[in-house]
Amino acid sequence: MGITTSELKQLNCDMVYRMIYENNGITKQMIAKELRFSLPTISQNLGYLLEQDKIHCSSHRAATGGRPAQLYKFNYNSRITISVELLANMLNVAAVNLAGEIIAESSLDLVFTNDPLYFETFSSWVNHFIASLSCRPEQILGITIAIQGVVDADQEHISFGTLLSSSTFVRTDFAQHFQYPVSLIHDAEAAGIAESWHSAPDMNAIYLSLNANLGCAVIVNGQIMRSRHLSSGVMEHLTLYPNGIPCYCGKCGCAESYCSANTLIRKSGLSLPLFFQKVRDKNIKYLPIWQRYLQDLALMIDDVRMVIGGDVIIGGLLTPYLTDEDLDSIKDSVYSLTTFKNADFTISKGKYGKKATLIGTALTRITDYLKEERLVD
Ligand SMILES: [Zn+2]
């Protein structure tokens, strides 16, 4: 079956759009040369893409002088995703563009309660944030909410929400208040998506989110691993010490009770900035707490590496406090613990720190959009 004229026009326009996406800052003549289209055809497509606000045009004068060239660039702000990080006592919201950059953000202290008033307050605040962006409605791809809990395989229900003291709220409790598509994601999984974005296709790694509560995700072949009901796994509930410190999940001795940032706050009685100030001053009361924490983290990493023998990426709240010496200390401890001394691996800090959840939350929608627009395969 042959291709129709309108299909051919669309195909040509898609090719011009992709050329600009892949070569951000390209002239009309360069596009014509690469695609072997006539200049009038290119001009027509550029006109359409400019009208749609999908691309920008700017003048650039070469260092050697001469007439300034018109450079066409991809408009990363043509579509915006709204990411919300829903924590037990706080909300963080961000507007993220197609480059995965946060272009606006805000926070609100709000204790989660599973009742209509909470969902109304939540949506009213998020809608107010969206209005402040002065975007056209069609620019908003949707709203994705990162939950401190495991989202069920149906993407509608919460299968484990003990940190929020509820597992009975559903996606539609939020969605009914918005004119945009709304979806849910497990926060640790979202952070793992950010840290695996643009990674090598053969990357296998464990992502550890050292937040107030510990979060983990598994990256296999450059992609987040998704199992059916436990999302990207719940390694924070691996048993480190049988009959150890009680965990919020109901078990005792989970990694959460030894490797979360809350562990340091609970043991030291100090805020994180003050605790790390004491640690870096080599205070004899607080330094052992940190050293023990690093050893417990190594114990967990060694256990997890028995299944996923890849690298380790560390993100979350503790990232800014971690020094290269700390990372070396964790790695040395893992080597001394492990039976498999020849299995080399790296431990590194993630690129996005505590913003990883908000960015990864948006990337799910951004990736889908880029595929729909045929900008990526
Ligand atoms: Zn647990």
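# Notebook: sheets, zinc and cores

Entry 1: I began with helix α4, residues 116–132, which lies across β3, β4 (90–97), β5 and β6. The helix runs at about 35° to β4. I note here that I am reading a predicted model. Next I looked at helix α6, residues 187–196, which packs on the sheet and touches β6 and β9. The direction of α6 makes about 90° with that of β9.

Then I traced the strands themselves. In what order do the five strands of the open sheet come? I read β5-β4-β3-β6-β9, with mixed pairing. The edge strands are β5 (102–109) and β9 (182–186), and each pairs on one side only. On average, neighbouring strands of this sheet are turned by 20° against each other, direction ignored.

Strand β3 (residues 80–87) and strand β6 (residues 140–147) run parallel, joined by seven bridges. In this pair I found Thr81 opposite Gly142 in β6.

**Entry 2: strand β10.** I moved on to β10, residues 205–210. Is this strand mostly covered or open? The strand is mostly covered, as six of its six residues are buried. I checked which way the residues point. Ala205, Tyr207 and Ser209 point one way from β10. Ile206, Leu208 and Leu210 point the other way. I recalled the rule that side chains in a regular strand alternate between the two faces of the sheet.

Which strands pair with β10? One partner is β11 (residues 214–220), which runs antiparallel to β10 and is joined to it by six bridges. A hairpin of three residues links β10 to β11. Ser209 stands opposite Gly215 in β11. I also found β13 (residues 311–315), which runs parallel to β10, with five bridges between them. There Tyr207 faces Ile313.

**Entry 3: the zinc ion.** Which atoms coordinate the zinc ion? I listed His237 (ND1), Cys247 (SG), Cys249 (SG) and Cys254 (SG), at 2.1 to 2.4 Å. The angles among the four donor atoms are 105 to 121°, and the site is tetrahedral. Along the chain the donors follow the spacing H-x9-C-x1-C-x4-C. His237 and Cys249 both lie in the loop between β12 (223–224) and α7 (256–259), so this pair ties together parts that are twelve residues apart in sequence.

His237 counts as buried because its relative accessibility is 13%, and buried means under 20%. Cys249 has a relative accessible area of 24%, so I noted Cys249 as partly exposed.

**Entry 4: the cores.** I turned to the largest nonpolar core, which has 44 residues. Which of its residues touch the most other members? They are Val16, Ile20, Ile31 and Leu46. Helix α12 gives the largest share of this core, eight residues.

Leaving aside neighbours within four places in sequence, its contacts include Ile26, Ile31, Leu46, Leu49 and Ile55. Tyr72, Lys73 and Phe74 are also among them. Another core lies apart from the largest one and has 38 residues, among them Val304, Leu318, Leu322 and Ile330.

**Entry 5: Glu373.** Last, I looked up Glu373, in the segment after α12 (356–372). Is Glu373 buried or exposed? Glu373 is buried, because its relative accessible area is 18%. Not counting residues up to four places away in sequence, Glu373 touches Tyr17 and Lys54.

Conventions: Residues are numbered from 1 along each chain as its sequence is written. This is a predicted model: local features need pLDDT of at least 70, side-chain atom pairs count only at pLDDT 80 or more; totals for chains, interfaces and linings use all residues. Side-chain values use heavy atoms; hydrogens and water are left out. Buried means under 20% relative accessible area, exposed over 50%, partly exposed in between (1.4 Å probe, protein chains only). Helices (H or I, at least four residues) and strands (E, at least two) are DSSP runs, numbered from the N terminus. Two strands pair if DSSP finds at least two bridges between them. Donors are N, O and S atoms within 2.8 Å of the metal (3.2 Å for Na, K and Ca); water is not among the atoms, so sites may look incomplete. Four donors count as tetrahedral if all angles lie between 85 and 135 degrees; four count as square planar and six as octahedral if opposite donors are over 155 degrees apart and all others between 65 and 115; anything else is irregular. Axes are lines fitted to C-alpha atoms, for helices over the stretch in contact, and angles run from 0 to 180 degrees between N-to-C directions. Contact means heavy atoms within 4.5 Å. A nonpolar core is a set of buried Ala, Val, Leu, Ile, Met, Phe, Trp, Tyr and Cys residues joined through side-chain atoms within 4.5 Å.
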